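Please open the model in your viewer and keep the sequence panel beside it. The tour below moves from one selection to the next and says what is there at each stop.

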Amino acid sequence: LEAVTNALKHSGADRVTVMLERIADADGPAARLSVHDNGRGLAARRPTGRGLDNIRHRALTAGGRADIRRGQAGTVVVVLIPLPAPDPAGLTS
């Protein structure tokens, strides 16, 4: 939500794409949330707000990681959160 809010408030983008998918990461199953906008991209200097730091902190707290970078057009935010391995017997506890 923070990445979408940032794109709408600060980027000047007219398009924001959000994708959530389950992937097979090197460490096991994971959820990958990607937010891409076609705005002006990240500023060369560090922004004064805490939004990007909050995204990174929340990903780390959940055992994952966040990658925030300037894309070819706009900003790309990718958050990867590990998922529990499926129960091979199909049982839940």
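**Before selecting anything**

This is a predicted model, in which local features need pLDDT of at least 70 and side-chain atom pairs count only at pLDDT 80 or more, while totals for chains, interfaces and linings use all residues. Residues are numbered from 1 along each chain as its sequence is written, and side-chain values use heavy atoms, with hydrogens and water left out.

**Whole chain**

Colour the chain by secondary structure, and you will find two helices and four strands, where helices (H or I, at least four residues) and strands (E, at least two) are DSSP runs numbered from the N terminus. Followed along the sequence, these elements give the pattern α-β-β-α-β-β. Of the 93 residues in the chain, 27% are buried; here buried means under 20% relative accessible area, exposed means over 50%, and partly exposed lies in between, with a 1.4 Å probe and protein chains only. Contact, in what follows, means heavy atoms within 4.5 Å, and among contacts between residues at least 6 apart in sequence, 52% join residues at least 24 apart.

**Helix 2**

Select helix 2, residues 51-61, and show the side chains of its buried residues, which are Gly 51, Leu 52, Ile 55 and Ala 59. These four sit on the same side of helix 2, because they cover an arc of only 110° around the axis, the arc being that of the directions from the helix axis to the C-beta atoms. An α-helix has 3.6 residues a turn, so residues three or four places apart point the same way. Now look at the other side of helix 2, where His 57, Leu 60 and Thr 61 are exposed.

Just after helix 2, pick Gly 63, which takes a positive phi of about 85°.

**The nonpolar core**

Next select Ala 3, Val 35, Leu 52, Ile 55, Ala 59, Ile 68, Val 77 and Val 79, the eight residues of the largest nonpolar core. Such a core is a set of buried Ala, Val, Leu, Ile, Met, Phe, Trp, Tyr and Cys residues joined through side-chain atoms within 4.5 Å. Helix 2 and strand 4 (75-82) each supply at least two residues of this core, and the largest share, three residues, comes from helix 2.

Centre the view on Ala 59: leaving aside neighbours within four places in sequence, Ala 59 is in contact with Gly 64, Arg 65, Ala 66, Val 79 and Ile 81.

**Asn 6 in helix 1**

Move to Asn 6, which is found in helix 1 and counts as buried at 18% relative accessibility. Apart from residues up to four places away in sequence, Asn 6 touches Ser 11, Gly 51 and Leu 52.

**Strand 1 and the surface**

Select Thr 17, which has its place in strand 1 and, at 41% relative accessibility, counts as partly exposed. Its contacts, not counting residues up to four places away in sequence, are Ser 34, Val 35 and His 36. Draw a distance between the C-alpha atoms of Thr 17 and Asp 37, and the separation is 6.3 Å for residues 20 apart along the chain.

Finish with Leu 20, also to be found in strand 1 (residues 16-25), which is exposed with a relative accessible area of 67%.
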